[in-house]
Amino acid sequence: MDRVAEAVSSMVRFYSETSDRIVHDVNHFLKVWGFARTIGKMEGLDPETQETLELAAVAHDIACPLCREKYGSADGKHQELEGGPLTREFYKDFDLPAEKLDRIVYLVAHHHSYYDSDGPDYQILLEADFLVNADESALSPKGVATFRDRVFRTESGKRMLKEMYPDA
């Protein structure tokens, strides 16, 4: 089994053991992973960066169950605070090179920091998560347009956003 498929399977198991919102959490990460995978492929990422992006997308909300229990909500700042250590633990047996694991942990620990993205994997993760969150949060067209103008950078992400939210 390839690493990404193994990660998806393991993340479903993780949420089944930790989440009070199992179906929502699984559906959310799968949608974000699908958008991240698609945008990464459309943007022509090299295979290593693509795998890093996909592994980060799978685990990006790993801290949500803990945050809901510990803080009463899964707000972005708490997810970033708790997500890094949980991600490192989650991927410890995946035989990942140290620098790849460090990058995945970094991406998960910054996926709600929308400015100063330092690579295409980071940028695409932000865009993929927003594409899902905009729908799940029923964001207004004005909110979508504001986020688009401030954060979206990839041509593929911008095109998908425009096609999904033509009134934004």
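Is Ala-138 buried or exposed? Ala-138 is exposed, with a relative accessible area of 64%, where exposed means over 50%, buried under 20%, and partly exposed in between (1.4 Å probe, protein chains only). The tour returns to Ala-138 at the end.

The model is predicted, so local features need pLDDT of at least 70 and side-chain atom pairs count only at pLDDT 80 or more, while totals for chains, interfaces and linings use all residues. Residues are numbered from 1 along each chain as its sequence is written, and side-chain values use heavy atoms, with hydrogens and water left out.

**Whole chain**

Select the protein chain and colour it by secondary structure. There are nine helices and zero strands; helices (H or I, at least four residues) and strands (E, at least two) are DSSP runs, numbered from the N terminus. The radius of gyration is 15 Å, close to the 15 Å that the globule rule gives for 168 residues, so the chain is as compact as a globular protein of that length. That radius is taken over C-alpha atoms, and the rule is 2.2 Å times the number of residues to the power 0.38. Along its principal axes the C-alpha trace spans about 45 × 40 × 25 Å.

Switch to a surface. The chain exposes about 8,400 Å², with carbon and sulfur atoms supplying 52% of it; areas come from the Shrake-Rupley method with a 1.4 Å probe, and for residues only the protein chains shown count as cover. Of the 168 residues, 50% are buried. Among contacts (heavy atoms within 4.5 Å) with a separation of 6 or more, 63% join residues 24 or more positions apart.

**Nonpolar core**

Next, select Met-11 and Tyr-91. These two have the most contacts inside the largest nonpolar core, which has 45 residues. Such a core is a set of buried Ala, Val, Leu, Ile, Met, Phe, Trp, Tyr and Cys residues joined through side-chain atoms within 4.5 Å. Helices giving two or more residues to this core include H1 (3–18), H2 (22–42), H6 (98–108) and H7 (120–136). H7 gives the most, with nine residues.

Show the surroundings of Met-11. Leaving aside neighbours within four places in sequence, Met-11 is in contact with Phe-29, Val-58, Ala-59, Ile-62 and Phe-90.

**Helix H3**

Select residues 47–59, which form H3. At 1.5 Å a residue, its 13 residues should span 18 Å, and the end C-alpha atoms are 19 Å apart, which agrees. The expected span is 1.5 Å times one less than the number of residues. Of the 13 residues, 11 are buried, among them Thr-49, Glu-51, Leu-53 and Val-58. The buried residues of H3 pack against H1, H2, H5 (76–90), H6 and H7.

Zoom in on the start of H3. A side-chain oxygen of Asp-46 reaches to within 3.1 Å of the backbone nitrogen of Glu-48.

**Loops**

Go to Ser-19, in the loop between H1 and H2. Ser-19 is buried, with a relative accessible area of 10%. A polar atom of its side chain lies 2.8 Å from the backbone nitrogen of Arg-21. Beyond neighbours within four places in sequence, Ser-19 is in contact with Asp-25, Pro-65 and Arg-68.

Move to Asp-116, in the loop between H6 and H7. Its phi is near 65°, a positive value in a residue other than glycine. Asp-116 counts as exposed, at 72% relative accessibility.

Finish at Ala-138, in the loop between H7 and H8. Phi of Ala-138 is near 50°, a positive value in a residue other than glycine.

Technical notes. Polar contact = N/O pair within 3.5 Å; in protein donor to acceptor, adjacent residues only side chain to side chain.
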